[in-house]
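This briefing concerns a predicted model.

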Amino acid sequence: MSWPELVEDAAQIIHQAQHLTLSTGAGMSKESGVPTFRDAHEGLWEKYKPEELATPQAFQRNPDLVWSWYMFRLDLVSGAEPNAGHRAVAALDAFVPKVTVITQNIDSFHQLSGSVDVVELHGNIRRFRCFDNCQGPRTIIDLATSEVSKEIAPPCPHCDARVRPDVVWYGETLPEWAIKRAFEEAAACDVMLVIGTSGLVNPAARLPQVAKEAGATIIEVNPSFSMVTPIADLVLEGPAGEVMPAIVAALGKRAAG
Ligand code: BJW
């Protein structure tokens, strides 16, 4: 069935939910003009494999290359805005008693569009820290990005190391509190809405399975097949920026009627 035919089913399930957990990925921000990871083919993305740049080893090898890649992406995110999908996700807070957004995205768009409870699994591209964690794990460095080089990773103000973005690279552990909350919310929800993730990167990829095993209904919004699709109870094969506003409109009609 095409996604418009499934909107009422999705609204019915969400309408009955007491505890809704969302798990969102790069597809959520695609309609804001931010490329996804695995279907992006432009600029630096064409030249370098994200997997080869998003690692601590890559930063050690060539900090300036990795820094310039992140500055390019920070400019992209700073010039973009949350889309109708993010706004619709934020609107869900009005329809379900408990809503938690667990995101792999690093762009702050859920927070900017008004979602109240957002758990960032992979950090945030707008924050920075010392590569050597000289002031303690994940201590944030206040950096005016407008005043630093976009090509050269700046020196840490406290030690000889360089400054890096506060994101989670391959092979690095996720913030402990974030992963703990994510798995708690996955295990406790009665509905999980999975939007715009390929479901390839762990540990985030395990969240829908955890929710499913705990008895939750899984709804997926994604125009393409993903690793989540086989376990989803309902799949709306469309873009988040169109599907999510349609679901919220259907919820609004239910609330009014
Ligand atoms: C739309 C749409 C529209 C399009 N609407 N939808 C071997 C070596 C080292 C590590 C590992 C290893 N084997 C396994 C691992 C573990 C590794 C992992 O899972 N790797 C797999 C790839 C195999 N995980 C880790 O390393 C994690 N840490 C960890 O596990 O620690 C313990 C450990 C350590 C060492 C070894 C083993 C365990 C950390 C993972 C960190 C991921 N970091 C990145 C970069 C973040 C910073 C940055 O942005 O640069 O996070 S990678 C990248 O992938 C980014 C994303 O958050 C993440 C997920 O991608 P996402 O969001 O799913 O995007 P896509 O592009 O994949 O999918 C987009 C989807 O949207 C598609 O389905 C489209 O169809 C859809 N779509 N338009 C709705 N309009």
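**Strand β7 and its partners**

Met192 in β7 is the bridge partner of Thr21. That contact belongs to the pairing of strand β1 (residues 19-24) with β7, which is parallel and runs over five bridges.

- Five of the five residues of β7 (residues 191-195) are buried, so the strand is largely enclosed by the rest of the structure.
- In a regular strand, side chains alternate between the two faces of the sheet.
- Both faces of β7 are covered, with Val191, Leu193 and Ile195 buried on one side and Met192 and Val194 buried on the other.

**The open sheet of three strands**

- The strand order in this open sheet is β5-β4-β6, and the pairing is antiparallel.
- β5 (140-141) and β6 are the edge strands; each has a single partner strand, so one side of each is left without a neighbour in the sheet.
- β4 and β6 run antiparallel and are joined by five bridges.
- Asn124 stands opposite Asp166 in β6.

**The second largest pocket**

- This pocket has a volume of about 150 Å³.
- Its lining consists of Glu120, Gly123, Arg127, Arg138, Ile140, Asp166, Val167, Val168, Pro175 and Trp177.
- β4 and β6 (163-167) are the elements that give two or more residues to the lining of the second largest pocket.
- By class, five lining residues are nonpolar, one is polar and four are charged.

**Aromatic pairs and charges over rings**

- Five aromatic pairs are found in a search of the whole structure.
- In one of them, the ring centres of Trp67 and Phe128 are 5.6 Å apart and the planes are at 50 degrees, so the pair is tilted.
- This pair links distant parts of the chain, since Trp67 belongs to helix α6 (residues 63-78) and Phe128 to strand β4 (residues 123-130), 61 residues apart.
- Trp67 counts as buried at 0% relative accessibility, and Phe128 counts as buried at 2%.
- One aromatic cluster is formed by Phe59, Trp69, Tyr70, Phe131 and Trp169.
- Two arginines lie over rings of that cluster: the charged end of Arg73 sits over the ring of Trp69, 4.5 Å from its centre, and Arg164 lies over the face of Trp169, at 3.8 Å from the ring centre.

**Backbone features in loops**

- Most residues other than glycine have a negative phi, and most peptide bonds are trans.
- Asn202 and Pro203 are joined by a cis peptide bond, with omega about 0 degrees.
- Pro203 is located in the loop between β7 and α10 (207-213).
- Ser108 has a positive phi, near 65 degrees, and lies in the loop between β2 (98-103) and α8 (109-112).
- With a relative accessibility of 13%, Ser108 counts as buried.
- Asn133 likewise has a positive phi, near 50 degrees, and is found in the loop between β4 and β5.
- The relative accessible area of Asn133 is 29%, and this residue is partly exposed.

Definitions and conventions:
Residues are numbered from 1 along each chain as its sequence is written. This is a predicted model: local features need pLDDT of at least 70, side-chain atom pairs count only at pLDDT 80 or more; totals for chains, interfaces and linings use all residues. Side-chain values use heavy atoms; hydrogens and water are left out. Rings of Phe, Tyr and Trp (its six-membered ring) pair if their centres lie within 6.5 Å; planes under 30 degrees apart count as stacked, over 60 as edge-to-face and the rest as tilted. Helices (H or I, at least four residues) and strands (E, at least two) are DSSP runs, numbered from the N terminus. Buried means under 20% relative accessible area, exposed over 50%, partly exposed in between (1.4 Å probe, protein chains only). A charge sits over a ring if NZ of Lys or CZ of Arg is within 6 Å of the ring centre and within 35 degrees of the ring normal. On a 1 Å grid over the protein atoms alone, a cavity is a set of points where a 1.4 Å probe fits but cannot get out, and a pocket is an open set with protein on both sides within 12 Å along at least five of seven lines; lining residues have an atom within 4 Å of a point. Grid points are joined across faces, edges and corners, and a volume is the space filled by probe spheres set on the points. Ala, Val, Leu, Ile, Met, Phe, Trp, Tyr, Cys and Pro count as nonpolar, Asp, Glu, Lys and Arg as charged, and the others, Gly among them, as polar. Two strands pair if DSSP finds at least two bridges between them.
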